[in-house]
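Welcome! Please take a moment to look at the sequence and the 3D structure, and then read through the briefing that follows.

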Amino acid sequence: MDKIYVFCDSAADIPQELVEKYEIDIIPERITHEGRTFREYFDMTPQAYWDLLESSPEIPTTAQITPTQVYECYERAHKAGCTHVVGIIINAAGSGGYQSCGIARDMFYEEYGTDMRIELIDSQTYTYIYGRVVVDLCRMRDAGDAFDDIVHIARARLARSEAVLGVYTLKHLKKSGRISGGAAFVGEALGLKPISLVCAGTVEVIDKARGEKNLIPKVLAQVAKRAVQPEKQTAVLLYGKIAPEKLDTIERALREELHFSDVVRTPIGISVTTNTGPQAFAVAYFGAQRPVD
């Protein structure tokens, strides 16, 4: 019988209670600020990181997971007598974490042989957009599903995973170099708030809202256009340092106007807010099926 070990990087932003419930091995990304290094989630919460971003004149340095960290994860799985290992990792187009996992796999096979099968999945996305699929994978594992079936379904769900992201201020996009200082100046002067689609390994601006009051309706309109059969799926409301009443407004609209079956909330970690700043939110959902790699 398959004994399956599940791991991912901390950028998946999986709530701690689910990490513990499903015994997910989380490999932490690292944050360095003013000479001090922190492990995401282990030493610093998303909320503490938001405060750091707002108070610091410079953006903290973030570091992807390393081959050594991943190799140790594989050794833990081997020591536990696992026959299979599967990891879902942050978008390989935006981070070297997936490459680190492949390097570590080669090192492990050279040392221990290939009896323990290791399957790696590039999520092609960020935050709990893929973290939720990690949790789904664990539920299938615990239900006794076969390893190949679990991996296939996880890949298929990731190929439908999307999110629409709204950002309230251009300050951090300018600071991170995502937009030029001139574009930020003009955008702020006009009150423009970018709306981006996170999909298939890319983050693309698809709309702009003029003024804060128009950002939530415009994000919801984009979600309504793209979500497939919302009445049969759960939306994920990802949030940074956003007023609770705004989050309540978004959740209510997702339930009552867009007719999602359920809505869960979870904070956004360092992989997204380092670039967007903490004043951002996103709605993740399942869209149209794309080809599965």
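Helices (H or I, at least four residues) and strands (E, at least two) are DSSP runs, numbered from the N terminus. Glu-251, for instance, lies in helix H10. What you see is a predicted model, so local features need pLDDT of at least 70 and side-chain atom pairs count only at pLDDT 80 or more, while totals for chains, interfaces and linings use all residues. Residues are numbered from 1 along each chain as its sequence is written, and side-chain values use heavy atoms, with hydrogens and water left out.

**The whole chain**

- The chain contains 11 helices and 13 strands.
- The C-alpha trace spans about 60 × 50 × 30 Å along its principal axes.
- The radius of gyration is taken over C-alpha atoms, and the globule rule is 2.2 Å times the number of residues to the power 0.38.
- For 293 residues, a compact globule would have a radius of gyration near 19 Å, and the chain agrees because it has 19 Å.
- Of the 293 residues, 53% are buried (buried means under 20% relative accessible area, exposed over 50%, and partly exposed in between, with a 1.4 Å probe and protein chains only).
- Contact means heavy atoms within 4.5 Å; among contacts between residues at least 6 apart in sequence, 75% join residues at least 24 apart.

**Surface and charge**

- The accessible surface of the chain is about 13400 Å², and 49% of this belongs to carbon and sulfur atoms (areas come from the Shrake-Rupley method with a 1.4 Å probe, and for residues only the protein chains shown count as cover).
- There are 33 positive and 40 negative side chains, and the centres of the two sets lie 7 Å apart.
- Here Lys and Arg count as positive and Asp and Glu as negative, while His and the chain ends are not counted; the place of a charge is NZ of Lys, CZ of Arg, CG of Asp or CD of Glu.

**Confidence**

- The average pLDDT of the chain is 91, and 92% of the residues score at least 70 (pLDDT is the predictor's confidence in each residue, from 0 to 100).
- Over residues 179–190 the pLDDT is below 50, and this stretch has 15 contacts in the model beyond near neighbours in sequence.
- Where pLDDT is low, the predicted coordinates should not be read in detail.

**Helix H10**

- Ile-250 belongs to helix H10, which covers residues 244–256.
- Ile-250 counts as buried because its relative accessible area is 1%.
- Leaving aside neighbours within four places in sequence, Ile-250 is in contact with Ile-216, Leu-220, Leu-237, Phe-281 and Val-283.
- Glu-251 is buried too, at 15% relative accessibility, and touches Leu-237, Val-263 and Arg-265, not counting residues up to four places away in sequence.
- Leu-254 also sits in helix H10, and with a relative accessible area of 0% Leu-254 is buried.
- Among the residues that Leu-254 touches, not counting those up to four places away in sequence, are Leu-220, Ala-235 and Val-263.

**Two loop residues with positive phi**

- Tyr-41 is in the loop between strand S4 (36–39) and helix H2 (46–55), and its phi is near 75°, a positive value in a residue other than glycine.
- With a relative accessible area of 28%, Tyr-41 is partly exposed.
- Ala-200 is in the loop between strand S9 (192–199) and strand S10 (202–210), with phi near 55°, a positive value in a residue other than glycine.
- Ala-200 is partly exposed, at 37% relative accessibility.
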